[in-house]
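This report covers a single protein chain.

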Amino acid sequence: MDERTIAEIAAWATFAVNGVAGAFAGWRWWEVRPSDAAWPLLRAGQLFAVAQALVAGVLFAAGYSPRDGLYWLYALLPVAIGLIAEQLRIAAAEQVLENRGLPDAQAVGALPEPEQRSVVLAIVRREVGVIALAAGVVALLSLRAALIA
């Protein structure tokens with residue numbers, strides 16, 4: 001198997017996993033229906049993005065020359081997108097609490113049960129939305145990497 005084929009396989013796999021994960025999680029976000037399956041899919045997409053970056057690093061060290069030099073950007077940028085998305089995900093809970101005038105997570109426990117569920121659902125929904133959007137961006141970047149590898 002030649003280097004171009006390896007680069008293409010890594011990029012297509014990353015595209016497929018992130019595309020499915022982003023679409024599924026985005027759909028669940030849209031319907032406001034949390035799913036236990038969304039997070040493993042989204043994490044698998046992040047794992048594939050890291051794997052693609054590692055493959056690109058090995059190919060670079062081996063002297064691989066892609067058809068377009070932008071391949072390196074499209075192969076490595078998904079990791080940065082994932083890191084930024086994780087920072088936004090972490091901030092999601094704080095934002096929801098702030099929007100509802102709650103000083104901290106302990107204040108949620110003092111709310112009536114239906115309001116507690118509402119706050120938790122809002123936090124989970126925001127977190128899933130951020131990571132699903134990132135998965136969609138990663139899928140598009142990986143598609144581009146596959147096409148120019």
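## Burial and basis

Of the 149 residues in the protein chain, 36% are buried, where buried means under 20% relative accessible area, exposed over 50% and partly exposed in between, with a 1.4 Å probe and protein chains only. The model is predicted: local features need pLDDT of at least 70, side-chain atom pairs count only at pLDDT 80 or more, and totals for chains, interfaces and linings use all residues. Residues are numbered from 1 along each chain as its sequence is written, and side-chain values use heavy atoms, with hydrogens and water left out.

## Overall form

The secondary structure of the protein chain consists of 5 helices and 0 strands, with helices (H or I, at least four residues) and strands (E, at least two) taken as DSSP runs numbered from the N terminus. In sequence order the pattern is α-α-α-α-α. The chain is more spread out than a compact globule, because its radius of gyration is 18 Å, well over the 15 Å that the globule rule gives for 149 residues. That radius is taken over C-alpha atoms, and the rule is 2.2 Å times the number of residues to the power 0.38.

Along the principal axes, the C-alpha atoms fill a box of roughly 60 × 25 × 20 Å. Among contacts with a separation of 6 or more, 74% join residues 24 or more positions apart; a contact means heavy atoms within 4.5 Å.

## Helix H1

H1 has 28 residues and spans 40 Å from its first C-alpha to its last, close to the 40 Å expected at 1.5 Å a residue. The expected span is 1.5 Å times one less than the number of residues. Its buried residues are Ala 7, Ala 10, Ala 11, Thr 14, Asn 18, Ala 21, Gly 22, Ala 25 and Arg 28. An α-helix has 3.6 residues a turn, so residues three or four places apart point the same way. The buried residues of H1 pack against H2, H3 and H5. After H1 comes Val 32, with a positive phi near 55°.

## Gln 52

Neighbours within four places in sequence aside, Gln 52 is in contact with Ala 10, Ala 11, Thr 14, Tyr 74, Ala 75, Pro 78, Ser 142 and Ala 145.

## Cavity and pocket

On a 1 Å grid over the protein atoms alone, a cavity is a set of points where a 1.4 Å probe fits but cannot get out, while a pocket is an open set with protein on both sides within 12 Å along at least five of seven lines; lining residues have an atom within 4 Å of a point. Grid points are joined across faces, edges and corners, and a volume is the space filled by probe spheres set on the points. The whole structure holds 1 cavity of 30 Å³ or more. The largest cavity has about 70 Å³ of space, and its lining includes Arg 28, Trp 29 and Val 32. H5 gives the most to this lining, with 4 residues.

The largest pocket has about 170 Å³ of space. Its lining comprises 17 residues, with Gln 46, Ala 49, Pro 78, Gly 82 and Leu 83 nearest the centre. H3 gives the most to the pocket lining, with 7 residues.
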